[in-house]
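Please read them with the model open.

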Amino acid sequence: MPKPRVAVLISGRGSNMEALIKAARAPGYSAEIALVISNTAEAPGLEIARGLGVEALAISAKPYGKDREAHERAIDAVLVERGIAIVCLAGYMRILTPYLVGRWAGRMLNIHPSLLPAYPGLDTHGRALAAGEPEHGCTVHLVTEVMDDGPVLAQATVPVLPGDDEDALAARVLEQEHRIYPAALAELARKIHLPEGGAKP
Ligand code: GRF
């Protein structure tokens, strides 16, 4: 049985991407991480991916100026060309247009460092600390047109401990991100119906 080919979209360090690539090396894993795309050539995650033997491309938004959809069309063309079936956003720091979200509906995942629907957006750890939350965590969800929204596939909760600062809390959450993202992807990949040859329909 061919495994669904997965692309990971990043903008930065790529630790979730790395966790996905390493998890997918297990023989019984239900997906193949076939491609990494960053919107910036400076993303450290690109070199990490290449070092792990995964094709990694920068598709800069700069040539497209304010035309976000045109940038997404360039990304989508590569995704289709590489036979990608599932897209994982992992620290991809651009807001998507309805075009790309619509193209990949039900087959695009995101990881967010909070217990959604609490704390969508940025600075989730700082806001959870400031609010005196006893617990915090992370969420894997399907991507819809609303940022950090969409059906939840997996969540993990961590305690907020006395003396926590943002870095300590972020590290505790990140450990869980690296656990639940590969698990949620594997589960979705098992449900994806692949056409003949494994390529995207
Ligand atoms: C993670 O905290 C993820 O939840 C958020 O952005 C961060 C990306 O980190 N969406 P990394 O690039 O995966 O290390």
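Predicted model: local features only at pLDDT ≥ 70, side-chain atom pairs only at ≥ 80, totals over all residues.

1. Main core. The largest nonpolar core has 41 residues. Within this core, Val8, Val36, Ile86 and Leu185 touch the most other members. Helix H6, residues 166-191, gives the most to the core, with 9 residues.

2. Leucine 185. What does leucine 185 touch, not counting residues up to four places away in sequence? The list is Val6, Leu20, Tyr29, Ala31, Ile33, Ile86, Cys88 and Leu109. Two of these names deserve a second look. Ile86, like Leu185, is one of the core residues that touch the most other members. Cys88 returns in the point on cysteines.

3. Largest pocket. The largest pocket holds about 900 Å³ of space. Its lining counts 39 residues, and the closest to the pocket centre are Gly91, Tyr92, Met93, Ile111 and Pro113. Which elements each supply at least two residues of this lining? They are helix H1 (15-24), strand S5 (108-112), helix H5 (124-130) and H6. H6 provides the largest share, 5 residues. By class, the lining of the largest pocket has 18 nonpolar, 14 polar and 7 charged residues.

4. Second largest pocket. Here the space is about 180 Å³. The lining is made by Met1, Pro2, Lys3, Pro4, Tyr29, Ser30, Ala189, Arg190, Ile192 and Leu194. These lining residues divide into 7 nonpolar, 1 polar and 2 charged. Tyr29 is in this lining, and Tyr29 is also touched by leucine 185.

5. Cysteines. How many disulfides does the structure hold? The count is 0. Cysteine 88 is in no disulfide, and its nearest cysteine sulfur, that of cysteine 138, is 14 Å away. Cysteine 88 is buried, at 0% relative accessibility. Cysteine 138 is buried too, with a relative accessible area of 0%.

6. Valine 101. This residue is found in helix H4, residues 98-103. Is valine 101 buried or exposed? Its relative accessible area is 6%, so valine 101 is buried, as the cut-off for buried is under 20%. Leaving aside neighbours within four places in sequence, valine 101 is in contact with Leu96, Val143, Thr144 and Glu145. Arginine 68 is 33 residues away along the chain, and the C-alpha atoms of arginine 68 and valine 101 are separated by 12 Å.

7. Proline 120. This one sits in the loop between S5 and H5. At 37% relative accessibility, proline 120 counts as partly exposed, because that class runs between 20% and 50%. Beyond its neighbours within four places in sequence, proline 120 is in contact with His112, Arg127 and Asp148. The C-alpha atoms of proline 120 and glycine 106 are separated by 20 Å, and these residues are 14 apart along the chain.

Note on methods:
Residues numbered from 1 in each chain as written. Heavy atoms only, no water. Core = buried A, V, L, I, M, F, W, Y, C linked by side-chain atoms within 4.5 Å. Buried < 20%, exposed > 50% of the residue type's maximum accessible area, 1.4 Å probe, protein only. Helix = DSSP H or I, 4+ residues; strand = E, 2+ residues; numbered from the N terminus. Contact = heavy atoms within 4.5 Å. 1 Å grid on protein atoms, 1.4 Å probe; cavity = no way out; pocket = protein on both sides within 12 Å on 5 of 7 lines; lining within 4 Å. Points joined across faces, edges and corners; volume = space filled by probe spheres on them. Nonpolar A, V, L, I, M, F, W, Y, C, P; charged D, E, K, R; others polar. Disulfide = S-S within 2.5 Å.
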